[in-house]
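Trainee: Hi! Could we look at this one together and talk through what surrounds the ligand?
Mentor: Happy to, let me bring it up.

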Amino acid sequence: MNVAVMGTGYVGLNTAVSLALHGHQVVGIDVDEEKVKQLKQRICPIYEPGLEEAMRSMMDQGFLRFDHTLNGEAKDAEILFICVGTPEAEDGSANLAYLFAAVEEVREAYKRKPSKRGVVIKSTVPVGTGDRVAGLLGDCKELHVISNPEFLREGSALQDALNPSRIVIGAESPEAFSLLDELYKGFAAPVVKTTRQTAELIKYASNAFLATRISFMNELARLSTVLGTNIQTVARGMGLDSRIGPEFLRAGLGYGGSCFPKDTIALLHVGKQHGVALNILEQVREVNRTQPAWCVQLISERLSGLRGKRVAVLGLAFKPDTDDIRESRSLAVLHQLLQEGAIVSAYDPISTETVKKLYPQVEYARDIYDALTDADAALLATEWKECVNLDWQKAKAAMAQPVLFDGRNAWSSDLVKQYGFSYQGVGRS
Ligand SMILES: NC(=O)c1ccc[n+]([C@@H]2O[C@H](COP(=O)([O-])OP(=O)(O)OC[C@H]3O[C@@H](n4cnc5c(N)ncnc54)[C@H](O)[C@@H]3O)[C@@H](O)[C@H]2O)c1
């Protein structure tokens, strides 16, 4: 099919490449002309494993092109994906300005071309947004508005887009469903067909539930620390229960990224608008907000205060294998350490340049051992492979004090103790 994907960020670009890999003719559209210029030169503007290679291959084979307007390469698109950002507005609701600007462009581009097309909202949007979009496009009779939320994870985004856990399709007409049946016929995933509003709620409910599991474990980790028990063993013991499952039970610095923080607050906002209190979700956010400070407190206690102490922060991206630093917990920790007077050295394999602009007072290291030099403590903030698998002898020789704080419970406490380190994890002494 002929497909246009509006927005070539994390979701849009991975969607575009995965659909091209499935044999569709895809045009990626972005208002950011600089980004489009880069993409046309076959440069991938984001870091995602395997994405740049796949993107180049699809461009070379003629399945993928880029443009900055719907009126050029995309004029014959049968499916128009909207993958623009829906960031947090000042009041916590989802800011839909980019989405409605994109919808207006769709209306302008296709109002005089009456043939059957699907306008597919992949951006995460509050319940009822698809209906509002359908209202705005009411004069374009052949445009079918469909909700098709995205569940990919940064760090494995292309694989997730190619092999989704499920395809959720929310639509209000058989024609709309048949358009997406055709588009996704090469995919093996289970399909959930429902109304637009239910599809929109599935997305928020999924993210809110995953965030809940993380905060639940982080709160238990605080108790585990006091009790002297091991939260990782607790998680393993829980996760083997098939009713619970092992995923998202790891205690740490909390959840970050471009989705969970904004989607949980947006869902709370939807609840308020409809007079429904979502008390569990309120607490989920509160635990997450306070978790970095709680972790820094542990480091402070271990070092008898942080003023003038040198702390090496390993990892800045919100999770490994991405360059995305949006709402990264590493930055929340870094902020707290600086506030308490610590001298901070930091290392990340990819995100350093972006963070430098936000925290110029931090010393940015060229490698891990440079970051560890003369440090009184090292904090694992993002579990990049290279930050987890250290040369422990070299690390110990570089540091002023052999003190490790494992903010992701990813180091082996037995191993590091053999090298003479003192080790503290989250909920795991
Ligand atoms: N990042 C994720 O892991 C993820 C996962 C699932 C769902 N989502 C949701 O998907 C949506 C997009 O997220 P993202 O992380 O890809 O955002 P992003 O900020 O990385 O990308 C958005 C892109 O849209 C472009 N854009 C804005 N207005 C446009 C317009 N009118 N026409 C064309 N392009 C336009 C921007 O220039 C930018 O390149 C959000 O609603 C997000 O919540 C994100």
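Mentor: Let's begin with Arg326: an N or O atom in the side chain of Arg326 lies 3.1 Å from an oxygen atom of the ligand. Keep in mind that this is a predicted model.

Trainee: Good to know. How much of the ligand does the protein bury?
Mentor: The protein buries 89% of the 840 Å² that the ligand exposes when taken alone.

Trainee: And what about a nitrogen atom of the ligand, which side chain is 3.3 Å from it?
Mentor: That would be Ser258, through an N or O atom of its side chain. There is also a backbone case: a polar backbone atom of Thr124 sits 2.9 Å from an oxygen atom of the ligand.

Trainee: How many residues surround the ligand?
Mentor: There are 26, and the closest are Asp30, Lys35, Thr86, Glu154 and Lys262. By type, the shell divides into ten nonpolar, seven polar and nine charged residues.

Trainee: Which helices each supply at least two residues of that shell?
Mentor: Helix H1 (10–21) and helix H4 (97–110) do.

Trainee: Where does the ligand lie relative to domain 1 and domain 2?
Mentor: It lies between them, because domain 1 (2–194) and domain 2 (208–425) both give residues to the shell.

Trainee: Switching topic, how many cavities of 30 Å³ or more does the structure hold?
Mentor: One. The largest cavity has about 30 Å³ of space, and Thr124 turns up again in its lining, along with Ile121, Ser123, Val125, Ser147, Pro149, Glu200 and Lys203.

Trainee: How do the residues of that lining divide?
Mentor: Into three nonpolar, three polar and two charged.

Methods:
Residues are numbered from 1 along each chain as its sequence is written. This is a predicted model: local features need pLDDT of at least 70, side-chain atom pairs count only at pLDDT 80 or more; totals for chains, interfaces and linings use all residues. Side-chain values use heavy atoms; hydrogens and water are left out. On a 1 Å grid over the protein atoms alone, a cavity is a set of points where a 1.4 Å probe fits but cannot get out, and a pocket is an open set with protein on both sides within 12 Å along at least five of seven lines; lining residues have an atom within 4 Å of a point. Grid points are joined across faces, edges and corners, and a volume is the space filled by probe spheres set on the points. Ala, Val, Leu, Ile, Met, Phe, Trp, Tyr, Cys and Pro count as nonpolar, Asp, Glu, Lys and Arg as charged, and the others, Gly among them, as polar. A residue is near a molecule or strand if one of its heavy atoms lies within 4 Å of it. A polar contact is a pair of N or O atoms within 3.5 Å; within protein, one must be able to donate a hydrogen and the other to accept it, and residues adjacent in sequence count only if both atoms are side-chain atoms. Accessible areas come from the Shrake-Rupley method with a 1.4 Å probe; for residues, only the protein chains shown count as cover. Helices (H or I, at least four residues) and strands (E, at least two) are DSSP runs, numbered from the N terminus. Domain bounds come from an automatic or database domain assignment.
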